[in-house]
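Let's take a friendly look at a ligand and its surroundings. Here is the model to keep open as you read.

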Amino acid sequence: MLIHWFRRDFRLRDNPALHAAHTDGNGRVIPVYILSDWQGSHRWSGPARQATLCGALRSLNGQLESLGTRLVLRRGDVLPELERLLRETNAEALYFNRSPDPAGRALEQRVEAMARTCGVRVRGFHEVTVFEPDRVLTKTGHPFRVFTPFSRAWLQREPPAPLPPLKPFAPAPIPLPSLPLPTLADWGLGSAPAILEPGEPAAHRRMETFLGDPVFHYAGERDLPALDATSHLSADLRWGTLSPRLLVQRTRDALAHAGTAARREGARKFLGELIWREFYMAVLWHWPDVLDWEFQPRFRGLKWDAPGTAFQRWCEGTTGFPLVDAGMRQLAATGWMHNRVRMVVSMFLTKDLHMDWRHGEAFFMRSLADGEIASNNGGWQWSAGVGADAAPYFRIQNPWTQTARYDPDGSYIKRWVPELADVPPGLLTKAPSSALAPGYPLPMVDHAREREITLDRFAALAR
Ligand SMILES: Cc1cc2nc3c(=O)[nH]c(=O)nc-3n(C[C@H](O)[C@H](O)[C@H](O)COP(=O)(O)OP(=O)(O)OC[C@H]3O[C@@H](n4cnc5c(N)ncnc54)[C@H](O)[C@@H]3O)c2cc1C
């Protein structure tokens, strides 16, 4: 028998390691997932994330059952659990898809060493991005530090075609003990936000719906958080319930059949966002220390304020800045936040409250269903003005102007901050001098003043 170790690739369609195991073993594959204990206690774990994991596993098991097998679920440290399973099943080989982040890469090296000691063959594959992170390089063979040339080089390559669907599996020769599918309670977590339905079938429905028409309006509407104009595929890409290769292939098809220049622009812009994801994965791959340090060395000594009640108010969405509060409450309620608003709240935390981007990064990872180490780190370093191809530090977004531009009639704000339901939209786009509504706080800082403080702190280090 061969073993496929699921990690963050919870799908059957276009799953390279699973497909190879199925082919090499003539369907004799034991699909395994190991729930690690650290997942419950890690500072980046939270209910939205764990609920997505539970739902994705449940759905994956259903998919596997439809092909005549089921998921073998174990719990504990990956290394001893996998070793036990290799021995229990007398496995010939272990297949898995490689992880893009440093902890995942270190783990798979230990797993490979362990398997070889057991005399088991190991095969690692790539699935997280369309191209392996070390394939898109400059002409001189170096990784890109800036998005636009990366994107150009990415677009010049021909994406690999997705794999054909899997045939049914051969039944397991021996019944293997497996734990029941997990629930949030297994990690001592209570209720979860209203996340989107996890799993491969739901991901495909979302993709079809989005590529059916909204993608053609994406360029003009993607920045307006009141509209439901983006794909909502981020958690699917994060948990591997959707193949990035398949999504890119389908997006290119949409582009080819867009019809008009305006509609083409929508599909092109969407493809561009998928490439941003690939860029940040490549950055993390080549510079894994971005998880600890600013990508731009000159900003490594920046002065930050200690997180205290101000950080708490940001987390809770009670800053008195309506757009910031709406975003933070959308995050708490749904485990997702609109990209434009992610930019606003992250810039507010780093530039108006002067808090270290790492606090925001960790809070997002705990709260997001789509928490993706590379994109989240990239997004935070971008907003803080310290990352790869980041917003220049002196270009500090004004939360009031952002509101006027992206939520002019206040409908996004009013949806998430009901206290402000009756406030005329014009009053939401500038700092008020008296309370906007009973129970809603005054802005906790003066944006113009804090902007100057930020500029001084950066200027002290910038050359
Ligand atoms: C501070 C900050 C933190 C972020 N954290 C994450 C995160 O943890 N996980 C995550 O997937 N995205 C993150 N993003 C990027 C972006 O906000 C989300 O990908 C997007 O909002 C998800 O919604 P969607 O699927 O509807 O996106 P769409 O607009 O439909 O975009 C399609 C896909 O492209 C990718 N994408 C879009 N924008 C970006 C971007 N700026 N960077 C990288 N990939 C992008 C995502 O995979 C997304 O699903 C972050 C952005 C910021 C500013």
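## Where the shell comes from

Domain 2 (129-161 + 199-286) and domain 3 (297-459) each give at least three residues to the shell around the ligand; the domain bounds come from an automatic or database domain assignment. This is a predicted model, where local features need pLDDT of at least 70, side-chain atom pairs count only at pLDDT 80 or more, and totals for chains, interfaces and linings use all residues. Residues are numbered from 1 along each chain as its sequence is written, and side-chain values use heavy atoms, with hydrogens and water left out.

At least two shell residues come from each of helices H9 (234-239), H11 (261-286), H14 (339-352) and H16 (373-384). H11 supplies the largest share, six residues. Helices here are DSSP runs (H or I, at least four residues), numbered from the N terminus.

## Who lines up around the ligand

The ligand is surrounded by 28 residues, each with a heavy atom within 4 Å of it. Tyr218, Thr230, Ser231, His232 and Asn339 are the closest. By type, the shell holds 13 nonpolar, 10 polar and five charged residues; Ala, Val, Leu, Ile, Met, Phe, Trp, Tyr, Cys and Pro count as nonpolar, Asp, Glu, Lys and Arg as charged, and the others, Gly among them, as polar.

## Atom pairs and burial

A polar side-chain atom of Tyr218 is 2.5 Å from a ligand oxygen, and an N or O atom in the Asn339 side chain is 2.7 Å from an oxygen of the ligand. For Asn376, a side-chain N or O atom lies 3.1 Å from a ligand nitrogen. The protein buries 96% of the 810 Å² that the ligand exposes when taken alone (Shrake-Rupley method, 1.4 Å probe).

Technical notes. A polar contact is a pair of N or O atoms within 3.5 Å; within protein, one must be able to donate a hydrogen and the other to accept it, and residues adjacent in sequence count only if both atoms are side-chain atoms.
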